[in-house]
Every structure is written in structure tokens, then in C-alpha cells.
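Here is a guided walk through a protein model. Keep the structure in view and find each part as it comes up.

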Amino acid sequence: MRDVFVTGVGMTVFGKHSDRSLRNLGYEACLNALKDAGVKPREVEAGYCGNALAAALQGETGVGQNAFWEVGISGIPVVNMENACASGSTALREGWLAITGGHYDMVIVAGIEKTVMPKGTPLNVGTAELETKLGDIFPGFFACIAQKHMEKYGTTREQMAKVSVKNHYNGSLNPYAQFQKLLTVEEVLNSPMIADPINLYSCCPNSDGAAAVILCSEKYARKTNGRSIRIVASVLTSGIYDSHRDFSGFEIEQRAAKKAYEMASLGPKDVNVVEVHDAFTICEILHYEGLGLCPLGEGGRLIDEGETELTGRVPVNPSGGLLAKGHPVGASGVAQIVELVWQLRGEAGKRQVKNPRVAVAQIMGGSKDTDTKGCTVHILVKD
């Protein structure tokens, strides 16, 4: 296996872009990534694009070909990936596989999505699943998980609210974040109830946006901008769909994290900065535990003690996470990598974490029988 490096990154501001097309958003992200890498379009040998909902919401297919053509990339293999919220990170893994396997030396990976809907309109996703047909959509599903975690471990509403407060503070420091507004614990707890105990400010928004990265082999990393970051682990897992009564954690995530740490020859204590899939506040607490940042059941303690704040032991979601930065579904997994590359390079501005060397990105996608359909974990290292 060959080493794989991220040598260029770019993204759009996440938010409501009703006047822009998918290809226009993709154009901006891809162009920024190419400029950042100092790479010309003709040097790119293959392209991978994560998108989950364009066929359903915009009636568009071949999103990757459309976006890459806008920046002058054509005539090469292009693969479009759909893996729900993990679409972008799955595209990243495919690009990583292509380089580590020796098939290419330079590829582009993008995540592009538009999911902003009229206020109060749920996304038309997962409707083939029985649970969804019965009305069990994501807020209700994660409310049940939160209730179980509260019952089993004593996790409190205040601890969950602190996740939203932290991530909105981080988002206020990120010019690419959808929300720049600070929140208090009281404001989160008093926001409209969605599905007890999940309030409005416990939920991430639907968003429009795009992110892109340029991956390359070591040979090309030496030729480019000198700021390349190595991907030392890339893991994709799927669920086992063995319906269980205790869903206070995700076996799929724990399995993915274990494989990633083994691949990287690193452990949770080596990690300096993390981006996780905080679609709801309870998710971030579960991911602390699933990634081994603390023992099972102690995620609430971790947020209470400030260990995941920007100045804490292991900062989580310095970008603002999905809760504040926003969640254009197919783009979120790539945007996590963009943020972590900026952090490892020391280019994250006001939200910069102090001297990080090891970074972890985690995201999951879809649900099935109280399990998750896909989970990716990537580990990046600054050499």
C-alpha cells in the first residue's frame, strides 16, 4: 500500500444558496481545492463525487461530471457515490483506495449537495424502510437513543444542550459556517420541542454547500505546495442490522474506529482534534464514546468538564460541526477533511486548535433496523 496525501482543500460557505446550482457550488469548491494544491485540471487522473439527494430533490444525476467539467476536468474516470450522510466520506475512501492501490497519482474528491427545503418540510429520504413509512424519521429515532442514554448512564438534557452551545461558539469563529449565532444552555433547552428530549437547537439544519480535496501519492506530494497532510487510515463499515433493545451506542462506529486505529498504529489518546457527525446533540456524546475518547457512558462528563472545547484535551467539531456549520448531506464528510487539514496546517484562524498532529473524522449514513447503514472513520497525520 502506498501513502496517500491531501494536498489541496476548498469549500463553499454552507447555508441557503437558493440562487445557485449544484454545479456552481461544486465549481467553487473544486476550483479552490485545485488552487490550494497548485495543481492544473489536466494533472487530475480521476474524480469521485459524493451526493445523496440530487436525483430526488433536483432531478439531477452525474453531479460529479457536471461539477468537474466546470473547472476543466473531463475525459477521465468519474465515479458518483451515494451513501446517505456518508456519501462524501465514501467518495474520499474510493479516491484513497485508487491512490494507495497504485492506480492513480492524483485524484479529486468532492461532496456537493442542496438540501434546504421549505420551512417545516422533512426530507424525502429513507421512505423504502418500514420504520420510515410508520413515521420513525431521524428526530424521533435519535430522541429514543437520547432517552435510552439518559436512562442507562444518567446523561442530562443540560449536557446535551452544552454540545449545541459549544458547537455554535465554534461556528461563530468559522466564516464557512451556516450559523454565526451564540447560544446559551437556556436558549437550547427552551427552543421548540421536536421530539423529546430533542429541541430545535439540538438539531442540525438542512444546508446547501460543497467541499473538495485533491489527493495524491507521495511522489506528487513532494512536488506540490509542501503542506500535504497524510491519510493514515480510511475505514468504511456497514451495519449488522441485528435489532437490539439497547441502542445507547453504535457497534458499527466502535468497529470502524477500532479498525482505523489499528491501521494507523495509533490510539484514542494520540488524537488531538476530531470532527464527528453531530446531526443531533446526543450524537456527539455517543461519538465521544464510540471513538474511545472516553469510556462508554461518560460522554456527558466529557462535555461537562470542557475536554472537547477548543482549548480542551481533545477538541471536537472545531468547525462548528453539523449543528452550526451546517449539513449539506453529501458534502459533510468531505468538509470534515477540509477542516482537519486546515487545523493540522495551522490555518484555521480564530478556531485554531493548539499544535495538533493527529486528527480523526467520523460520519455515518442512513438507518436500518435500529442500526446504521454506513460509517467511515479517517485518521490524518501531520508528518
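Begin with helix α1, which runs over residues 22-37. The model is predicted, so treat each value as computed from it. Helix α1 has 16 residues. From the first C-alpha to the last, α1 reaches 23 Å. That is close to the 22 Å expected at 1.5 Å a residue.

Now look at what is hidden in α1. Which residues of α1 are buried? They are Leu 22, Leu 25, Gly 26, Ala 29, Cys 30, Ala 33, Leu 34, Asp 36 and Ala 37. Buried here means under 20% relative accessible area. These residues cover an arc of only 160° around the axis, so they sit on the same side of α1.

What do the buried residues of α1 pack against? Their partners include the strands β1 (4-11), β4 (106-114) and β7 (208-217). The helices α2 (54-57), α3 (63-70) and α14 are also among the partners. Next, step off the end of α1. Gly 38 follows, and its phi is positive, near 70°.

Glu 60 lies in the loop between α2 and α3. Is Glu 60 buried or exposed? Its relative accessible area is 14%, so Glu 60 counts as buried. Leave out residues up to four places away in sequence, and Glu 60 touches Leu 22, Arg 23, Ala 54, Ala 55 and Asn 66. Leu 22 is one of the buried residues of α1. Now find Tyr 176. Glu 60 and Tyr 176 are 116 residues apart in sequence. In space they are 25 Å apart, C-alpha to C-alpha.

Turn to α14, one of the partners of α1. At 1.5 Å a residue, its 17 residues should span 24 Å. The end C-alpha atoms of α14 are 26 Å apart, which agrees. How many residues of α14 are buried? The count is 17 of 17, and the helix is mostly covered. Just after α14 comes Gly 346, with a positive phi of about 80°.

Helix pairs come next. Two packed helices are described by the angle between their axes and the distance between the axes. Helix α4 (residues 87-100) packs with helix α14 (residues 329-345). The angle is about 60°, and the axes are 5 Å apart. From α4, the contact is made by Ser 87, Gly 88, Ser 89 and Leu 92. From α14, Gly 330, Gly 333, Val 334 and Ile 337 take part. By class, this contact of α4 with α14 has three nonpolar, five polar and no charged residues.

Now take a second pair. Helix α7 (residues 157-172) and helix α11 (residues 281-290) pack at an angle of about 95°. Their axes are 8 Å apart. The angle makes α7 roughly perpendicular to α11. On the α7 side, the contact is made by Gln 159, Met 160, Val 163, Ser 164, Lys 166 and Asn 167. On the α11 side are Thr 281, Ile 282, Glu 284, Ile 285 and Tyr 288. The residues of this contact of α7 with α11 divide into five nonpolar, four polar and two charged.

Finish with the loops. Pro 197 lies in the loop between β5 (193-195) and β6 (198-199). The peptide bond from Asp 196 to Pro 197 is cis, with omega near 10°.

Tyr 241 is in the loop between β8 (229-237) and α10 (251-264). Phi of Tyr 241 is near 55°, a positive value in a residue other than glycine. Asn 317 lies in the loop between α12 (299-304) and α13 (321-325). Phi of Asn 317 is also positive, near 55°. Tyr 241 is partly exposed, at a relative accessible area of 27%. Asn 317 is buried, at 0%.

The last stop is Pro 268, in the loop between α10 and β9 (273-275). At 28% relative accessibility, Pro 268 counts as partly exposed. Setting aside neighbours within four places in sequence, Pro 268 is in contact with Tyr 261, Leu 291, Gly 292 and Leu 293. Pro 268 and Gln 336 are 68 residues apart in sequence and 18 Å apart in space, C-alpha to C-alpha.

Technical notes. Residues are numbered from 1 along each chain as its sequence is written. This is a predicted model: local features need pLDDT of at least 70, side-chain atom pairs count only at pLDDT 80 or more; totals for chains, interfaces and linings use all residues. Side-chain values use heavy atoms; hydrogens and water are left out. Axes are lines fitted to C-alpha atoms, for helices over the stretch in contact, and angles run from 0 to 180 degrees between N-to-C directions. Helices (H or I, at least four residues) and strands (E, at least two) are DSSP runs, numbered from the N terminus. Contact means heavy atoms within 4.5 Å. Ala, Val, Leu, Ile, Met, Phe, Trp, Tyr, Cys and Pro count as nonpolar, Asp, Glu, Lys and Arg as charged, and the others, Gly among them, as polar. The expected span of a helix is 1.5 Å times one less than its number of residues. Buried means under 20% relative accessible area, exposed over 50%, partly exposed in between (1.4 Å probe, protein chains only). The arc is that of the directions from the helix axis to the C-beta atoms. Angles under 35 degrees count as roughly parallel, over 145 as roughly antiparallel, 65 to 115 as roughly perpendicular and the rest as oblique.
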